[in-house]
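Welcome, and thanks for opening the viewer.

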Number of protein chains: 4
Amino acid sequence: MNHLGAEIAEIAAGQVILRLPFRPEVTQHHGYFHAGATSAVADTAGGFAAYTLFADESSVLTVEFKLNLLNPGQGDYLEAVGRVVKPGRTLTVCQLDVWGVSADRRVHVATGVQTLIRAKPHGQGAAAAS
Amino acid sequence: MNHLGAEIAEIAAGQVILRLPFRPEVTQHHGYFHAGATSAVADTAGGFAAYTLFADESSVLTVEFKLNLLNPGQGDYLEAVGRVVKPGRTLTVCQLDVWGVSADRRVHVATGVQTLIRAKPHGQGAAAAS
Amino acid sequence: MNHLGAEIAEIAAGQVILRLPFRPEVTQHHGYFHAGATSAVADTAGGFAAYTLFADESSVLTVEFKLNLLNPGQGDYLEAVGRVVKPGRTLTVCQLDVWGVSADRRVHVATGVQTLIRAKPHGQGAAAAS
Amino acid sequence: MNHLGAEIAEIAAGQVILRLPFRPEVTQHHGYFHAGATSAVADTAGGFAAYTLFADESSVLTVEFKLNLLNPGQGDYLEAVGRVVKPGRTLTVCQLDVWGVSADRRVHVATGVQTLIRAKPHGQGAAAAS
């Protein structure tokens, strides 16, 4: 998040929206947001969305995700929406959508699905969890 | 690539290996490589692998990719292997694997599959291509 | 479709709903719809949804799809919803959702994303298209 | 398996190969194996591969899978190879590959990745497990 420069725009139970402002560091040679930045912000939004549904101090790890890049990542900022489709004790599944937003338009940049696993507090990554 | 700090370790027809050295900027709070950095280096390795098979000045765009995060991204550097599984005039499919490498061990950090589309020279992103 | 025993429940521009009635042939040993039947009906719904947006006699081929199996496939029938998220001249991306429906409940059985490629009339499969 | 008509060709620790002979029931209108049949046999091969690594009477459920359809499903039979890439106490990840085999050639029909979850003996589907 710090490295990317993303910020939280909205938090609700099961849904989190992040914003990643346009900066030269997260763009590729054509001046668009890089696919890596798009993926990172989408993955993070989904992880936060899952996290909103945990009562205790569990943490959450991405098991896998799939992302279709629909349009070039243009705009003043990327808006990444993570939404829990199926909560669970062990696994949570989120839908991921990223939009490129500018004053006059809103373009669907990416859509995907993500599987997350709940890890015990102080767990140390996917290996520990699985 | 510049933002990530990755470098090319190996190029062959249909296969490219990238290295991403450990740096605080690409790690998360546990001290592991961030999933976003892992994804970005995997996606880039696959794109380069597809590119090695094009004779002309075509460029290549990621249509979609799917990545399973198998183990925490630990080590001195990440090694991302992009390998063309199915070349094609329009679409190319790559297998993606990322390893966490240190002096004494080599851990499988991620595996996945990626679909790429060949774009005309000077094409400007997925929208133009699709 | 014939082999599966699915039928069309609804067709609109960019969205198709299929129904697959419960039959012993499409269930596994626990008495649930088999994952293979769930995948087949989801994939077909997405293909039909893409097809509704083509003016000419193009056909459509699945490039790839990803499906998360959220709940056991229970109910009187499966309802598969294919919805175009991003239409394109070459590639179309659909969201896929499958529900298990009975008189008193509706369970989310699967969610996923699919990439399709438009093929020339009389094209003969993915190899010809790519 | 019964409905599909697939048979086990090879079992080893962490790898299972299934064969699905060509039959009119598993083909589509062009005379190729249907994507649904390809998916079902791939998914089953991965599930069996994971199962070979369990000492006890655990069963296994598919969490999600992603499949790229590389070439039309032609040949005398489909050969589906499920191979465990990452075993785990809770989650297992498999690589899936399907080949179309005839006397004189062997075509790569599909490649993908699958995530499976170990379920307690007598567990009844993904809902119980997650």
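Begin with chains C and D. Here 12 strands make up an open sheet, paired antiparallel in the order β1(C)-β2(C)-β4(C)-β5(C)-β6(C)-β3(C)-β3(D)-β6(D)-β5(D)-β4(D)-β2(D)-β1(D). Strands are DSSP runs of E with at least two residues, helices are runs of H or I with at least four, and both are numbered from the N terminus; two strands pair if DSSP finds at least two bridges between them. Select β1 (7–12) of chain C and β1 (7–12) of chain D: these stand at the edges with a single partner strand each, so one side of each has no neighbour in the sheet. From one strand to the next, the twist averages 20 degrees. Angles run from 0 to 180 degrees between N-to-C directions, with axes fitted as lines to C-alpha atoms, for helices over the stretch in contact.

Before going further, a word on conventions. This is a predicted model, in which local features need pLDDT of at least 70 and side-chain atom pairs count only at pLDDT 80 or more, while totals for chains, interfaces and linings use all residues. Residues are numbered from 1 along each chain as its sequence is written, chains are lettered from A and ligands numbered from 1 in the order in which they are written, and side-chain values use heavy atoms, leaving out hydrogens and water.

Next, select strands β5 (residues 91–101) and β6 (residues 106–119) of chain C. They run antiparallel and are joined by 11 bridges. To find one of the partners, click C:Gln95, whose bridge partner in β6(C) is C:Val113.

Helix α1 (residues 35–51) of chain C lies across β1, β2, β3, β4, β5 and β6 of chain C together with β3 of chain D, at about 40 degrees to β4(C). Helix α1 (residues 35–51) of chain D touches β3 of chain C as well as β1, β2, β3, β4, β5 and β6 of chain D, and its direction makes about 40 degrees with that of β4(D). Contact here means heavy atoms within 4.5 Å.

Move over to chain A. How many helices and strands does chain A have? The secondary structure comes to 2 helices and 6 strands, and along the sequence chain A reads β-β-α-β-β-β-β-α. Of its 130 residues, 60% count as buried (under 20% relative accessible area; exposed is over 50%, partly exposed in between, with a 1.4 Å probe and protein chains only).

Time to show side chains. Searching the whole structure gives 12 salt bridges over all chains, a salt bridge being a side-chain nitrogen of Lys or Arg within 4 Å of a carboxyl oxygen of Asp or Glu. Select A:Glu79 and A:Arg106, whose closest N and O atoms are 3.0 Å apart in a salt bridge. A:Glu79 lies in strand β4 and A:Arg106 in strand β6 of chain A, so the pair ties together parts 27 residues apart in sequence.

Chain B has a salt bridge between B:Glu79 and B:Arg106, at 3.0 Å from N to O. In chain D, select D:Arg106 and D:Glu79, which also meet in a salt bridge of 3.0 Å.

For the last stop, select A:Glu64, B:Lys66, C:Lys66 and D:Glu64 together: a network of salt bridges links them.
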